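Reader: I am new to this structure and would like to understand the words used for it. Could you show it to me before I ask?

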Amino acid sequence: VGGSLRYLGRALAGYYGDTTNVNPSGQIYQPDVTKPIYFPSEYHVDAWLAYKFTLPWHRISAKVQLNVADLNVHGYLQPVTFNYDGSPAAYRIIQPRTWTLTTRFAF
């Protein structure tokens, strides 16, 4: 039996636009570095359960293991870049919980 806890701290995602400097048509064209946009921090939990045994014929050893990645994540779209008004400009897919069952034989 085992597990892991992964922590991703707060990360800088971009900046709001500088509304004091606009081009002649009134569009914001540069970031205001005093107004950052941050991603919140995240926790990810993984777990696994394994059982090792010997098969009765020819003394073959076997191991069965169940891994679960991201127990606390249900899958979602995460913004990766932002427009100068703070709205998301692009997203990435965060994978949902993943289950993996493996069996290994040694002879």
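Author: What follows is a short exchange about the terms and the values behind them.

This is a predicted model, in which local features need pLDDT of at least 70 and side-chain atom pairs count only at pLDDT 80 or more, while totals for chains, interfaces and linings use all residues. Residues are numbered from 1 along each chain as its sequence is written, and side-chain values use heavy atoms, with hydrogens and water left out.

Reader: What makes Gln78 buried?

Author: Buried means under 20% relative accessible area, with a 1.4 Å probe and protein chains only; Gln78 has a relative accessible area of 11%, so Gln78 is called buried.

Reader: Which side chains does the side chain of Gln78 join through a polar contact?

Author: A polar contact is a pair of N or O atoms within 3.5 Å, where within protein one must be able to donate a hydrogen and the other to accept it, and residues adjacent in sequence count only if both atoms are side-chain atoms. The side chain of Gln78 has such a contact with Glu42, at 3.0 Å, and another with Arg92, at 2.8 Å.

Reader: Why is the chain called more spread out than a compact globule?

Author: The secondary structure comes to zero helices and eight strands, where helices (H or I) are DSSP runs of at least four residues and strands (E) of at least two, numbered from the N terminus. The radius of gyration, taken over C-alpha atoms, is compared with a globule rule of 2.2 Å times the number of residues to the power 0.38. For 107 residues the rule gives 13 Å, and the chain has 24 Å, well over that value, so the chain is more spread out than a compact globule.

Notes. Buried means under 20% relative accessible area, exposed over 50%, partly exposed in between (1.4 Å probe, protein chains only).
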